[in-house]
Structures are given as structure tokens and as C-alpha cells.
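Here are some notes for your review. They go from the annotated region to the domains, then to the contact between the chains.

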Amino acid sequence: MDFRLNEEQQMLQDTVARLVRGEYNFEKRLEFSESEAGFSEDFWKQLGELGLTAVPFSEELGGFGGGGVEVQSVMTELGKGLCLEPYLQSVILAGGLISQAGNSTQKEQWLAGIASGELKAAVGLQEPQSFYNLNDVDTRAEKSGDGYVLNGRKAVVIGGQCADLILVSARTSGDSRDSDGISLFAISPDTAGVERRVYPTIDGAKGCDITLNNVQVGTDALLGEEGKAADAIEYQTGRAIAALCAEAVGVMEVANELTLDYLKQRKQFGVPIGKFQVLQHRMVDMMSELEQARSMAILAASVADEEQSDERRRILSAAKNVIGRSGQFISEKGIQSHGGIGMTWEYNFAHYAKRLVMINHQLGDDDFHLERYATLLQAS
Amino acid sequence: MNMNYTAEELAFRDEVRAFLDEKLPADIAAKVKGFRRLSKEDHLRWQKILVARGWYATHWPEEYGGVKWTPVQKHIWDEESCRYGVPRSIPFGVNMVAPVIIKFGNEEQKQQYLPRILSGEDWWCQGYSEPGAGSDLASLKTRAVRDGDHYIVNGQKTWTTLGQHADMIFCLVRTNTEVKAQEGISFLLIDMNTPGITVRPIITLDGEHEVNEVFFEDVKVPVENLVGEEDKGWTYAKYLLTYERTGLAGIGLSKAALEHLKQLASRRLKNGRPLIEDPSFSQRIAQVEIDLTAAAISNLRIIASVEGGGVPGAESSMLKVKGTEIRQSINDLARRAIGPYALPFVEEELNLDYEGEFLSDENAAPVAAHYFNNRKLSIFGGSNEIQKNIVSKMILGL
């Protein structure tokens with residue numbers, strides 16, 4: 001039993017950490033966030049040049065076949081910097097879906113670009129009515145001539161505003177919420193009938209809702225077998241959950257450092273407020289939540305690339321549940337411990353707090369995953 | 001990053017399982033698994049079996065009859081014991097006073113006490129808390145005044161667990177009132193049969209006689225029963241507490257309690273369906289199982305770090321808080337699971353040899369009492385608030 005990173009993993013994590021420290025301070029992040037892209041094109045380019053966007057891919061694609069732990073190392077450091085780049089969407093989710101479901105032509109066409117960072121991809125799996133259930137797909141894809149016609153709306157596609165390629169789920173058969181009958185299509189945002197309504201997110205990134213209005217695509221846009229995409233979507237979402245948990249741990253680490261620092265600096269009644277026991281115990285609780293979260297992020301990373309099983313499903317839902325709750329706890333208690341300053345845009349803590357709460361709104365919140373875990377528990 | 005046991009560790013686990021399969025008395029295991037009361041005789045019978053195998057004193061050096069287990073081996077033992085229903089070892093002799101005697105005692109003390117702890121001849125209890133000294137332990141007032149070859153001890157100890165069975169008590173006593181509270185404390189070993197000692201039971205809210213008050217009235221204790229130096233007892237006491245704190249998170253015990261809870265919830269009905277299928281109850285179970293999973297990994301992280309040469313510090317305090325909260329939540333759910341049958345308190349149903357008809361069933365009988373009994377978890381071994389003070393000071397530097 002050994003929970004330490006090996007030398008390569010440590011080097012990887014150090015590389016990302018150095019890059020984030022050098023390129024991503026608080027003021028710069030605000031600029032990136034307000035730019036049209038919504039992140040730093042330059043930082044993204046550097047992630048690509050250093051091979052970091054290629055981490056989970058094979059050697060032919062310039063990667064080193066990194067698994068859950070390698071992805072965890074990268075994501076934790078990106079979390080510490082509150083980085084806005086679409087690593088989760090493009091590298092983990094889209095890259096993962098194409099790797100798992102794509103045919104050799106499609107892999108050849110897109111994976112090298114995703115691995116190098118030159119191609120940015122996004123995924124549209126949610127819909128306005130779907131909540132967090134990714135089998136709840138109402139977007140239709142009807143066979144038409146040589147391909148398909150897509151109609152529907154995909155909700156909150158983070159990174160969709162800048163994507164060169166968007167993977168969307170659409171129903172080719174079956175009823176709403178059937179797992180059978182869901183297909184995946186890779187579409188270019190420039191295709192006629194694709195309309196993006198772009199918005200900033202409350203945690204500083206950008207996203208869009210996408211309306212598909214009689215969007216005509218060829219059969220070469222279909223990823224994997226028609227109607228059989230649900231398994232790949234669930235599996236890759238699982239990898240993304242592990243990655244998101246790792247990011248959350250990075251965010252929590254910095255959030256707690258900032259709060260602890262503040263307790264030592266801020267004086268009231270003639271003493272640092274950290275001398276007050278009620279604040280000390282709250283801080284201990286926040287550290288304890290972080291440790292629970294860290295344990296679950298480690299566990300999630302250890303199963304992220306394992307074969308699908310109920311055990312993997314349970315662990316990933318457990319991890320996302322813990323991360324969701326501990327993130328909100330650290331966020332809310334951290335704001336409270338900071339007092340007024342924790343409420344301000346100018347102070348970095350608030351941005352960590354927002355990201356932590358919003359992570360709970362991506363890929364299923366703690367209630368969603370608790371329900372899923374409980375269902376799996378009964379099945380076992 | 002590797003969360004698996006090595007081949008040697010797996011072999012050790014097999015060895016443990018084979019031993020427990022063969023040697024653990026079925027009646028004792030049944031009591032433990034059913035949260036029933038164990039007698040002194042039960043404990044001693046099991047202790048003899050462990051001693052014979054050489055697995056009783058896992059903190060001791062080999063020269064005193066101990067066994068050198070790695071932190072992972074100890075963890076494997078804990079996990080398997082909880083799964084099998086091994087009685088929790090009574091720690092006061094083997095895991096508390098013995099490490100202090102080994103580290104700070106003289107040769108005669110080692111020769112005199114250690115073999116008797118192994119053999120079960122001496123049952124030890126702990127004389128730390130006093131009516132006026134709980135979390136603020138250093139404010140203790142029990143006085144020991146030197147008089148020739150003896151100390152004359154006067155005062156009162158309380159919350160003395162299983163003191164009614166004890167042959168010996170290790171006590172923190174005040175030998176100096178002129179100095180700072182921590183600097184005037186000594187560590188004395190006292191024979192419970194000495195004239196002037198009175199043990200009175202304290203019955204806890206579940207009707208259990210587990211703890212006692214111990215009164216000392218002009219009790220003559222030979223000076224050779226002083227451990228280490230006079231007035232240095234606080235150092236020894238703190239050393240002992242680090243032993244006490246490891247394992248207080250009770251992860252293995254929580255796992256066993258969770259299994260018990262699931263069984264209860266599978267057998268009870270709500271709206272004609274097993275309670276475990278009820279959406280809100282199953283989510284409560286799911287939540288505590290998830291939290292336990294996280295705590296179990298945190299526990300493994302501490303074990304792996306100690307295995308790698310680290311020292312378990314305030315991290316164990318953080319885990320004690322989490323672990324005891326989780327176990328109390330499981331006990332809470334078990335109590336909820338039996339619904340109105342939490343109310344009847346039929347004490348004879350708690351005995352394993354009860355042959356009458358159960359009001360509800362044998363699994364339900366001890367549940368409510370056990371819930372109340374385990375409110376102690378967040379109080380003993382340093383209350384959870386004290387643990388947070390420790391983390392705040394040692395890790396956070398506040």
C-alpha cells in the first residue's frame with residue numbers, strides 16, 4: 001500500500017504546478033475570463049506544447065497512456081489555479097468518447113488534434129429537461145438520405161463557445177430516458193442549423209446552449225453504432241467525474257489555505273480571529289472535509305480507467321457525492337470565516353468558493369449521486 | 001499509487017483468517033456481533049487463546065512476549081477481527097500501561113507486571129479522569145504524599161471503565177502543588193486490594209455497569225510503584241494517549257455495524273416492502289456508507305504513511321472525530337430501523353442465553369441501548385472537541 005505518486009507522476013504534477021504558478025495569477029485569470037474565448041489561448045497552447053493535453057492518450061498520439069492518477073495530477077493543479085481551459089471537456093470527455101466509440105477514420109481525423117490541443121472539442125450531453133440524467137435525451141436524429149437530420153436543444157455545454165467540434169447525443173429510437181436508442185454525433189459548430197447562445201458562467205468560465213434546427217450531417221458524423229452510445233457516455237462521464245473530483249481537491253486546498261491564512265492575519269478584539277475556538281473548530285472541520293474529499297478523489301482515480309462494473313459506478317457516485325458536499329461546506333464556511341471580504345469580487349477566495357459550489361452542478365450533484373448509489377446498493 | 005496488499009500481507013491475512021476460523025469461540029463471536037454483553041470470563045478466555053498464538057501484545061517488543069506487526073498487519077488484524085466478531089481487547093493493561101512501563105519503567109517493574117498482563121492475572125484499569133478533571137486533565141487533584149517508603153494517596157477517580165474487575169489501577173496523582181499543573185503529576189501503579197480503596201458503580205443511561213468511581217482514602221502505595229521520575233507523570237500520560245488515540249476511529253467496527261444495520265433494514269417492513277428499499281431510508285444508509293468509504297481510505301492513507309516511516313500525529317485526531325461521528329450515525333439509523341420497537345427495554349433479552357420469546361426479534365433487542373451507549377464515542381479518548389483543539393494547534397498552527 002502506497003499512496004505516494006511515483007517519480008513520473010510527481011514530475012508531471014510539478015510541471016503543471018509550475019506552469020499554473022507562472023501563467024495563471026488571479027489578475028490574469030480575471031482577464032482570461034473576460035476575454036472572448038473565456039480562457040487563455042496561450043496557456044492552452046502551452047499545455048499542448050508540454051504534452052499535457054496528450055496525457056491520457058497513447059504514445060502514437062504524443063501521450064503516454066496516462067490513467068486516472070496521471071489525469072488526477074494534472075486536474076488537481078489546474079484546480080489550484082482555477083484554470084478555465086476546456087481540459088475536462090476536450091481532452092477527457094470528447095477525447096474519451098472518440099477513443100471509445102469512434103471508428104478508425106474518426107480517431108485518425110480528430111484524436112491527434114485533441115491530444116495536441118490544436119482541436120478543441122466540447123460535449124453536449126445534457127438537455128433542458130434532462131437534469132443530470134444523460135439518458136434523458138429528446139433531441140432527435142432522423143435518417144435522411146445519406147445521413148441524419150438533428151433537431152433539439154443541448155443544455156449548458158461548457159467550452160462550447162470555442163469548440164471546433166461538438167459531440168452531441170441524439171435519440172435515433174426509443175422513448176425519452178431509454179438508454180437504448182441514444183446515438184452520438186460529432187458536428188462542426190459551423191454546420192447550418194447549429195445555433196449557439198453563449199454566456200459566461202458564474203464561476204468565470206464560458207458555455208452555451210445549442211439549438212439544433214434541421215442540422216444535416218453525414219453518416220461519418222455518427223460515433224459508434226447507432227442507438228448504442230449510452231454505455232460509452234456513462235463510462236466516459238465516469239472518467240470525467242474522477243477528473244472533476246481531482247480538480248475539486250485542488251480548489252479546496254487553495255480555498256482552505258486562504259481561509260487559514262486569513263484566520264491568522266485578521267485581528268479583531270485585539271487578537272487574530274484564529275484564536276477564537278469557534279473559528280478553530282470550523283477550520284478543523286473544513287480540513288477534515290478536504291481529507292475525506294482527497295480520499296475519494298484518490299479512490300475515484302483508481303477506478304476511472306477500470307472496466308465498467310457496479311463497483312466502479314458505486315465508487316464514482318460516492319466520490320462525486322462526497323466532493324459535492326465537502327466543496328459546498330468549504331465554500332460556505334470559508335466565506336463565513338472571511339466575513340465581508342469573502343463576499344467581494346476583488347478577493348480571490350470568492351472565486352474559489354464559486355467554483356467549488358459549481359462543481360456540484362456538473363456531472364450530477366450530491367443528491368443525484370446519492371440516489372444513484374442507493375439504487376446500486378439495493379441491486380447488490 | 002498502490003492501494004493493494006502485497007503478497008506477504010495477503011498471506012498474513014489468510015493466516016489471520018485461518019486462526020480465527022479455528023480458534024474464535026462461536027459463543028463469544030455471537031455476542032460481539034449481536035452487541036451483547038461480554039463477561040470478564042469471556043475476555044480472559046479469548047485472551048488466553050491470543051496469548052497462546054503470540055498475538056496478544058502487538059505493541060510490545062518481542063523480548064517481553066510481544067509480536068512485531070507492521071502498521072498494515074495491525075490494520076489487517078483489526079479489519080478481520082471486526083468482521084469475525086472478535087471481542088475488542090481491553091486496552092488498559094496490554095495497550096496502555098504496558099507501553100508506559102516498557103518505555104519509562106525500571107527492570108523490576110517490567111519483570112513484575114508484563115508477564116502478569118500477558119497471563120491475565122492482572123486486570124488493569126485507568127485512573128485518569130476525576131470529577132473536576134475531564135478534558136482539563138492536568139487539573140487533577142488526587143494527592144500522593146511521600147511518607148517514608150510509601151505514598152499516601154487521597155482523592156477520587158471516575159469513569160473508571162471495568163474497574164469492578166480490576167486487580168491494578170494506573171493513576172495520575174498530584175505529588176507537587178507548588179509548580180505548574182502539568183509539572184506536579186506522577187504516574188503510580190496501585191493494587192486495587194489495598195485498604196482504603198472503594199469502587200462504586202456508575203450505571204450509564206443504557207442500564208449498563210461499565211464505568212465506576214474509585215475512592216482513595218489514606219491508601220498506602222509502596223514507592224517502588226512509581227513509574228519513572230516523580231513529577232514527570234504528565235509526559236508519560238501524553239505518551240500513553242498517543243497509543244489510545246490510534247484506532248479510536250473504529251473503521252472496522254463501523255463496517256461491522258453497517259452490515260448489522262443492512263440486515264436489520266432488510267428484515268423490517270415499511271409500506272409492505274423491506275425498509276432497505278424505501279427511498280429515503282436507503283439514501284440515509286447510502287450516505288453513511290459513502291462517508292465510511294471515505295474515512296476508510298483516509299485511515300489507509302495514515303497507515304500507509306506510518307508504514308513508510310511517518311509518525312501518526314494530529315491526523316488521527318481528525319479521523320477520530322470523523323470515525324466516531326460515522327459510527328454514531330450508523331447506530332442512529334439502526335435505532336430508526338426498528339421503529340416503535342426501539343422503546344421496549346427488556347434487559348433479559350440482552351443475554352445471549354435468553355431462551356424466551358423475543359418481543360420483536362433478537363437483532364432488535366440491543367439496538368436502542370447500544371445507540372445510547374455509543375454516545376460515549378465522541379466523549380472518550382479525548383472528546384471530539386479536544387481532538388479539534390489538538391488539530392487546530394498541531395496542524396493548523398492556530
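1. A word on the annotation before using it. UniProt positions are given here in the numbering of this structure, feature names are shortened, and annotations may be inferred rather than shown by experiment. Keep in mind too that this is a predicted model.

2. The annotated region. An unreviewed UniProt entry places "domain: Acyl-CoA dehydrogenase/oxidase N-terminal" at residues 6–118 of chain A.

3. Domains. The assignment for chain A gives domain 1 at 7–119, domain 2 at 122–227 and domain 3 at 231–379.

4. Domain 2 against domain 3. In chain A, the centres of these two domains, taken over C-alpha atoms, are separated by 30 Å. Nine residues of domain 2 of chain A are in contact with 10 residues of domain 3 of chain A. On the domain 2 side, the classes are four nonpolar, four polar and one charged.

5. Chain A against chain B. Chain A brings 30 residues to the contact, and chain B brings 33 residues. Which helix of chain A gives the most to this side? H8(A) does, with 13 residues. Helices H7 (230–265), H8 (277–303), H9 (310–338) and H11 (366–379) of chain A each supply at least two residues.

6. Make-up of that side. Where chain A touches chain B, chain A shows 18 nonpolar, nine polar and three charged residues.

Conventions: Residues are numbered from 1 along each chain as its sequence is written. Chains are lettered from A and ligands numbered from 1 in the order in which they are written. This is a predicted model: local features need pLDDT of at least 70, side-chain atom pairs count only at pLDDT 80 or more; totals for chains, interfaces and linings use all residues. Domain bounds come from an automatic or database domain assignment. Two residues are in contact if their C-beta atoms, placed from the backbone, lie within 7 Å. Ala, Val, Leu, Ile, Met, Phe, Trp, Tyr, Cys and Pro count as nonpolar, Asp, Glu, Lys and Arg as charged, and the others, Gly among them, as polar. Helices (H or I, at least four residues) and strands (E, at least two) are DSSP runs, numbered from the N terminus.
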